[in-house]
Amino acid sequence: MPYDYIGLFAEDAERASVLDELIRLGMRPRGQVGRVTLFAPDATPVASVPGGGLCVGKLYDNHGREAELTSAFARQAEKATMFRQLLERFWGQYVVLLPADDGSGAVSVLRDPSGAVGCAFQPRAPCCFLTSSVGIAAGVGLYRSVIDWTFIQHCLAYPHLKLERTGLAGLQELLPGSAVTLTARSHADSQAMWTPWQFLGGAQHRRDPATAAGSIREAVTKVVDTLASEDGSLLLELSGGLDSSIVGACLARTAARVSCCTAVTPLRGADERRYAALIAELLDVELRACTLDFDDARIGFPVPASSLRPAVWALSRSVGRIMDEAAEHAKVSALFSGGGGDTVFAYLTTASPAADAFRAGGLAEGFKAVANLSRLHGCTVAKAAWLTLRKLYRKPHDPPAPDTRFLSANWRLPSLTPHPWFSAPRSALVGDRERVLGLIGTQLFGDATPRGGGRRVRMPLLAQPVVEACLRVPSWMWIDGGRNRAIARDAFSEALPEAILNRRSKGTFMNYTASAYRRSRQTIASFLLDGSLQAQGLLDRAALERYLTHPPVARDDTFMRLFDLCMIENWVRHHR
C-alpha cells in the first residue's frame, strides 16, 4: 500500500471534527514533532529519528538492510547537517520530520531524492499541513480544491516540468531531495539538499569502465533485491527494451513471486513480445500480453482528485489500466518497471558525449568519442566531428524552451519558474547539463503513471543509489563501442539474453498514437475548442481548427502537442 500520512499543527490536530474524520479515514496519531502531530494508518511505517524526529516510509543502509536510526546521528547536530548525513548514509522511500533548531515548534521536512513518498503542503492560512495526498486534507475539511490558473498557463508552456508550485491554489509540493521548514502559519523557502550536480564531474568520475560497470551492477541489484524482498509479490512491466530487462534479470536472483506483462498494439512498432518473452523465460514465468485497443486511448477520463498537476495523458492511462488488470489477475502487491532507465543510463541523442570527452577527457578520449558517436548514429566521422564542434562552441541552453504552439497570443507568456537543479556550476559539461534536464523530467513519472488497487509502483532505476552510481560515469563512456547505454550493457552482460544485450532498435508506440489521433480528431476538436482552456482564452482557436482539419503528414509529430493540451484540459475538468 502507498505510505499515507498527514501532519497537523496543534490547533487543527486537536479539533474534534478533524479527529473524527481522521479516524473514519483509518488514520491515528503516530507521534509528535515540534507542534506537529503526525497521523497515519497502521499500514504506513513510522519510525523515530534521533533528535525528536519521525520517518514516514522505509530507510535502508548501503547494504540494503533496513536502517537502524537510533545511533545514526549526533543528537545535537543542526537539522541541515542531520539531513545531509541521512542522505549520505541511507536511501529509500521516505519523508523525515525533525523539530526546527530554534525550539519554536516548527518542523523541518526532508523528502527522499526518488520522491517515492508524496509530500504536499499548505504553508499558510486557513491552516498549515503536510500530507502524502491532498485527498486526506480534503477529506477532513482542511482543504478545498481551487484551480490556480496562473499555474495552468505555465503548464501549457512547460507541460513536462515538475515544480514546487502545483495546479491547486495555495498548495505546494516539496520536490524530491529538498527540505522545507513549516510553522503554524508560514514556511521558509525550500532548499535542495540533494542534487545531481554533487556527483558529476571532477573527482567524482569513474574513468575505468570495469569499475563503473561493477558499481552500477551492484547498485541496481541491491535496490531491486531490497524492494522485491519487501513486496514479496510483484508484476514486472516489460517493454522488451534494455531497461526493464535489466530489472527482470535482477529479479531472477530474488525470492519474490514475479509475474510479467507487456503491452502490444494492433499496429506494428510496439509488439515487443519476442524480447519480453526472453525475460519471462529467464524468470520461469508466463508472459501476459495485453493489447491496447484504440478505444483505450480516450481523451477524457477520470483523474484522482488528489492529483496536484496535469500529468496523465491518454496513452499512460491506457497502459495503466491494462497493468492494473494484470496485477489484479496475478494477485500481486506491487508493480515494477524500468521507468527512467533511458535517462539514468545517459541515453543522449546529441553530440554532447563527444564534446564532454574533449573538454574533460583530453584529445585521445575526444577522438575516440567522435568515432563512437559516428558508429552510434550511423553517420560519417566527419559529420560526427562537425556536430561535436558545434556542441563545444555553442552556448548551452539549460532551461527548456517554452512550447507556444496553439496558445493564444492574447495573454502574456509566464516566465519560466526555476527548478533548483537548473543552477549548474559554471564548469558544467554540456552532456551533464542534458543529463540533469532529463532527470528533472523523470520527477513527473510518478504523477504520470496511474495505477490503482492500492499497490506500490516501483521504479528501481530511479532509486538514489542507482542514480548516483550512474551520474559518476562520464557521459562519453556511455557510448563506448558505438552502443547506447554501453556501461549498463557491460554491467549486465552475463545476466541478459544476447538478443536483448546487443539490440540497437527500440519499440515505439508512435504508430499507435498517430492512429489514435486520426481516429479521435473530431473528439479532440470538441474537447479543446469547447473546453475550459478555450473558455479562459488560453488557446489559439484558429490555429487549432486549421491543424485539426487535415490528417497529420508523415514524420509530423505535432499531434503529440495536442495530446499535451488534452491532458491539461482533462485535469482542469476534473478539478473544477
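Lys58 has Gln93 in strand S6 as its bridge partner. That pair belongs to a meeting of strands S5 (residues 53-60) and S6 (residues 91-99), which run antiparallel to each other over 7 bridges. This is a predicted model, where local features need pLDDT of at least 70, side-chain atom pairs count only at pLDDT 80 or more, and totals for chains, interfaces and linings use all residues. Residues are numbered from 1 along each chain as its sequence is written, and side-chain values use heavy atoms, leaving out hydrogens and water.

**The sheet**

- Six strands make an open antiparallel sheet in the order S4-S5-S6-S7-S11-S12; strands pair if DSSP finds at least two bridges between them.
- S4 (46-49) and S12 (191-192) are the edge strands, each with a single partner, so one side of each has no neighbour in the sheet.
- Strands (E, at least two residues) and helices (H or I, at least four) are DSSP runs numbered from the N terminus.

**The largest pocket**

- The largest pocket holds about 2100 Å³ of space, a volume being the space filled by probe spheres set on grid points joined across faces, edges and corners.
- A pocket is an open set of points on a 1 Å grid over the protein atoms alone, where a 1.4 Å probe fits, with protein on both sides within 12 Å along at least five of seven lines; lining residues have an atom within 4 Å of a point.
- Among its 50 lining residues, Gly339, Gly340, Asp342, Phe445 and Lys506 are the closest to the centre.
- Helix H14 gives the most to this lining, with 4 residues.
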